[in-house]
2 protein chains.
Amino acid sequence: MMNAPAACVGDPVDVIETPALVVDLDLLEANIRRMADFAAARGIRLRPHAKTHKCAAIARMQIAAGAVGICCQKVGEAEALANAGIGDILVTNQVVGERKLDRLAALSKRIRLAVCADDGGNVDRIAAAAARFGTVVEVLVEIDVGTGRCGTPPGAPALALARRIAGHDSLRFGGVQAYHGSAQHIRGHDDRRAAIAAAAEGLRQTLDLLAAEGLDCRIVGGAGTGSHEFETELGLWTELQAGSYVFMDGDYSDNLGPDGQPDRRFANSLTIRSTVISAPVPDRIVTDAGLKAMSTESGPPRVVDAPWARVRGVSDEHTVILTDPARRPGVGAVLSLIPGHCDPTVNLHDWIIGTRGGIVECIWPVDARGAVL
Amino acid sequence: MMNAPAACVGDPVDVIETPALVVDLDLLEANIRRMADFAAARGIRLRPHAKTHKCAAIARMQIAAGAVGICCQKVGEAEALANAGIGDILVTNQVVGERKLDRLAALSKRIRLAVCADDGGNVDRIAAAAARFGTVVEVLVEIDVGTGRCGTPPGAPALALARRIAGHDSLRFGGVQAYHGSAQHIRGHDDRRAAIAAAAEGLRQTLDLLAAEGLDCRIVGGAGTGSHEFETELGLWTELQAGSYVFMDGDYSDNLGPDGQPDRRFANSLTIRSTVISAPVPDRIVTDAGLKAMSTESGPPRVVDAPWARVRGVSDEHTVILTDPARRPGVGAVLSLIPGHCDPTVNLHDWIIGTRGGIVECIWPVDARGAVL
């Protein structure tokens, strides 16, 4: 059930089998460096989200550049990355179910682990699992700062939950999770800033209540690639959890920077290499990358090598592209596609092929690929 | 990189970890039997498409019920299923690239294998790979019968390609591939029939030209779950390639039958079991299955246990559901979701959990999961 990689180290990029998930190592390293430098210059901690890359090799590069640890969304991701040597993980999600809580508690004996909660009954069940395993699990209160997904309302309900955590011997209150997911792709720079400023109101109120009771927050977490500047300038958050900046994608490429132009401070390091497998009529080509090689729910892929081309549709194993007949790539031509959304695209692949200067330099397993549990 | 399954054989379904891909074995078996009986009663061969299930255990059930073999879309799928014991495979797609053609030729020495082509240069390269491996590869001409994706135009171009195949010592002309993908989800029964009738014109013309030159077709392949009745009644096709009928999905559930009502002749056997992990306000719940557990490009999932509920959105690891407060499922409740599109959903999972009478009866590997190469 594990698939062979699409290339060998040392191969010229031309012989990589397709479709393949390829990362430009120069661009990846520059992205990692830029975010690390941003955080270091402003005295805020960086805990990048590994839901994007699911890859221990990249997590280690982030930690080597200064990150304090990583975030995951699933216990299975945390297990996979802990098994690959990552020692400080925050699960930025609710974990529900007896077997899952057993796994969470067991893992907390091996690495520094924290988890979020937004429900009192769930807090009690985390405590019971931790007690069963003779360990102490750190729990953050997740508050809803505007996305309308998980998270208790800010203020009094968050304080009540923090008290409940602090009241269990097998739990440790760890702080507040305040991530505004739906703000990440608001296109205008000032509109994103305004969304985060609004989110900060509920967070500030919550932090004031916690401080008044002496409930210390080791972590006040949040921020994504689209908003991290704004959480940082507001001074309430202590950890940035951006993930997509390592790869970027078509959706993030449409965000505007402070000058009103598409924001290119982080580069598109990730592409799907794809081969033209059919060119049956003059204005149409079909490539070998479809829905099983890239996610399209945030828009179709962009064709790096043929920006004039228009993606007509993506089906399970094909992308149909309409192209100028005079410039039509022929059968066998290889195109690089920027996926609409990097996270679910990476999750489709077993391997990330790293290239530099036209040569395959590394082949990394996507350690937590498919770790949905 | 392989994930543990979400349950053990013998578990009650209540303890299956979530999100998990679950198949109701009674319904699966009935679907397999129904399509096999349909084909047997009409004297047409059935070669189900394994792109849907990617699972050797299910392919073997289909063959035991009478199927002559299976279809795949990728050489990697064919390799995985051949390694698991499937001995007769048609790759219903173009295969392009030197390494891929080497793999195709090598595999043809171990099982009965055929492939499609729509390009003369590609035919020559398949022939060269077959000669390199000292084997003979069977090649079908793929024609475009209306989808506008792969496939040479019907008629003279198809004949020219068939001649080119027949002219190579290392190839054998195998017939014609005539699949109308975009007709499968036309909602009206008579509208689907009309689309297939139109597709048949180009196929008939092509078959007449081939017959006039004595180019015999072992396989005239096509038809999907949405159209198989119509290819069968037209009498030109010799093999049905339906795949989705084993599982069905939300998209197929919207197709209408001959009575103008939703067609329920094949049952929804496949669901995603998902746990409510957050219920922060009275009218909203959040489950633990998102885009990494199910595909949404053909529409959001349907909530089997709460048909009144409305899916507000699906993000990477969450589905947000708006629900009647009086009937709101609580944190820890388990919901079964019918995915919008079964094929890319199955491809996200390592295991299919088979249940009967409330008990886990089998745990099948998705052998060709992620086999995009």
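**Sheet architecture and the interface of chains A and B**

In chain A, eight strands make up an open sheet whose order is β2-β9-β8-β7-β6-β5-β4-β3, with parallel pairing. Its edge strands, each of which pairs on one side only, are β2 (45-46) and β3 (70-72) of chain A. Strands here are DSSP runs of E of at least two residues, and helices are runs of H or I of at least four residues, numbered from the N terminus; two strands pair if DSSP finds at least two bridges between them. The structure is a predicted model, in which local features need pLDDT of at least 70 and side-chain atom pairs count only at pLDDT 80 or more, while totals for chains, interfaces and linings use all residues. Residues are numbered from 1 along each chain as its sequence is written, chains are lettered from A in the order in which they are written, and side-chain values use heavy atoms, with hydrogens and water left out.

L240(A) in β9(A) is the residue opposite L46(A).

The contact between the chains (heavy atoms within 4.5 Å) draws on 68 residues of chain A and 68 residues of chain B. About 5,500 Å² is buried between chain A and chain B, 52% of it from carbon and sulfur atoms; this buried area is the accessible area (1.4 Å probe) lost by the two parts on being put together, summed over both. Across the interface, 14 salt bridges are found, a salt bridge being a side-chain nitrogen of Lys or Arg within 4 Å of a carboxyl oxygen of Asp or Glu. One of them links D144(A) to R284(B), with the closest N and O atoms 3.6 Å apart. On the side of chain A that touches chain B, two or more residues come from each of α4 (98-107), β10 (270-281), β11 (284-287) and α10 (342-346) of chain A. The element that gives the most is β10(A), with five residues.

R284(B) also stands opposite L322(B) in β14(B). Strand β11 (residues 284-287) of chain B is antiparallel to β14 (residues 319-322) of chain B, and four bridges join the two. β14(B) pairs likewise in the antiparallel sense with β13 (residues 310-314) of chain B, over four bridges. Within that pairing, L322(B) is the bridge partner of R310(B). The hairpin from β13(B) to β14(B) passes through four residues.
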